[in-house]
Amino acid sequence: MAKKSGLVLSGGGARGAYQAGVLVAIYEIAKSSGVPLKFDLLSGVSAGAINAASLASNCNDFKHATDSLARLWSEVHFEQVFSTDSMTMGKIGFQWVKELSLGGIAGTTPGRGLLDTTPLRGLIHRNMDYDRVQANLEQGHLEALCITSIDYAKSATTTFVQSTETTATWDKGRKRSEHTGITTEHIMASSAIPLLFPPVKVGERFFGDGAVRNHAPCSPVIYLGAEKLLVIGVRLQSSTAYDLHAQSSQTAPSIARVVNTILNSVLMDAVEQDIEKLRRVNDYASAITPEQQKMVSLKPLEHLFISPSEDIGEMAVQKAAKLPRIIRYLMKGLGSMQDASEIISYLMFDPTFCSDLIEIGRKDGYAQKEELIKYLLK
């Protein structure tokens, strides 16, 4: 009997296109090798939430699921994600200036971001079939869909879970789950990149990007009983990636570089740290006897981690000219395009850029073909 499988999709704005490419490769490898393909548990944060929800609505037909994701990302345009017209950007900029200078007198407007993401809500809603998610759960194609956000009022990581009634729940300090039917608002909330995108109201509370304060992005599927994990990241793992963007002088870092560093730590460090922690736990569990494993309630958890073989930030800089003019203007005000590489990569919702990421993801998936086949057969 196949082990219960969990798919974990991390976040990173437009970098989510890379995950679509990996998933295309997984489908093609499974089909050509004649191995079964099923993910019992789907978990996503930020852009990964969009991908996880899309998969959940189409997981009864994995070819259609991956085709739909690849098409969504390869056709996305800036104006489908955030407003790019000068009037909207001007109003937002004026409001920020007014509140920063006169906030103590005039008060501030809650729930504000640098960009208006009203178009993203429409894009998500048009591309999701929430009735199909429930149908796939009822028909056994899926056991649970998990979408994670940060509850700003409680500073707690909240995972919204749509599943069968028998699914476990958890409340562990600043990590908790809520059973609910996943909607566009949950996905919008999980995708609300701090400062760039405004917080999203779900019920009576405001939520933001699921990667914020999420120190264990793999935990939802583990709590739900996953026996093996497939995790798809969105950042080059080589330590040389940091050297590519290093400043050559001893001058103070620009605002863009500081924001780059903060967003990286908030959005992308956690999944890598979680994988490293999982490896250490596996090493320890493998070093003790089965009897000792039972005593400490610990056993190895099989996993496969796939991440980009190329520096997506550097790729984004090369295509920075495609950014809307007003966004380029704002980026240059923060520092050089090189310093803002990560920010640019989150916002580069351009068909050619995303198509390149899809192709890299597909290539990286095939690069781990043997490991993927072994994973799927376990």
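Predicted model: local features only at pLDDT ≥ 70, side-chain atom pairs only at ≥ 80, totals over all residues.

User: How many residues line the largest cavity, and which of them lie nearest its centre?

Analyst: Happy to. Residues are numbered from 1 along each chain as its sequence is written, and side-chain values use heavy atoms, with hydrogens and water left out.

Now to your question. The largest cavity is lined by 16 residues, and Ile50, Trp73, Val81, Leu120 and Phe349 lie nearest its centre. A cavity here is a set of points, on a 1 Å grid over the protein atoms alone, where a 1.4 Å probe fits but cannot get out; lining residues have an atom within 4 Å of a point. Helix H2 (47-58), helix H3 (62-74) and helix H5 (118-127) are the elements that give two or more residues to this lining, and H5 gives the most, with three. Helices are DSSP runs of H or I with at least four residues, numbered from the N terminus.

The volume of the largest cavity is about 170 Å³, taken as the space filled by probe spheres set on the points, with grid points joined across faces, edges and corners. Its lining divides into 13 nonpolar, three polar and no charged residues. For these classes, Ala, Val, Leu, Ile, Met, Phe, Trp, Tyr, Cys and Pro count as nonpolar, Asp, Glu, Lys and Arg as charged, and the others, Gly among them, as polar.

Trp73 also has a part in the packing: of the 89 residues in the largest nonpolar core, Trp73 and Leu145 touch the most other members. Such a core is a set of buried Ala, Val, Leu, Ile, Met, Phe, Trp, Tyr and Cys residues joined through side-chain atoms within 4.5 Å, where buried means under 20% relative accessible area with a 1.4 Å probe, protein chains only. Helix H1 (residues 16-33) supplies the largest share of this core, nine residues.

By this rule there are four cavities of 30 Å³ or more.

Definitions and conventions
Buried < 20%, exposed > 50% of the residue type's maximum accessible area, 1.4 Å probe, protein only. 1 Å grid on protein atoms, 1.4 Å probe; cavity = no way out; pocket = protein on both sides within 12 Å on 5 of 7 lines; lining within 4 Å.
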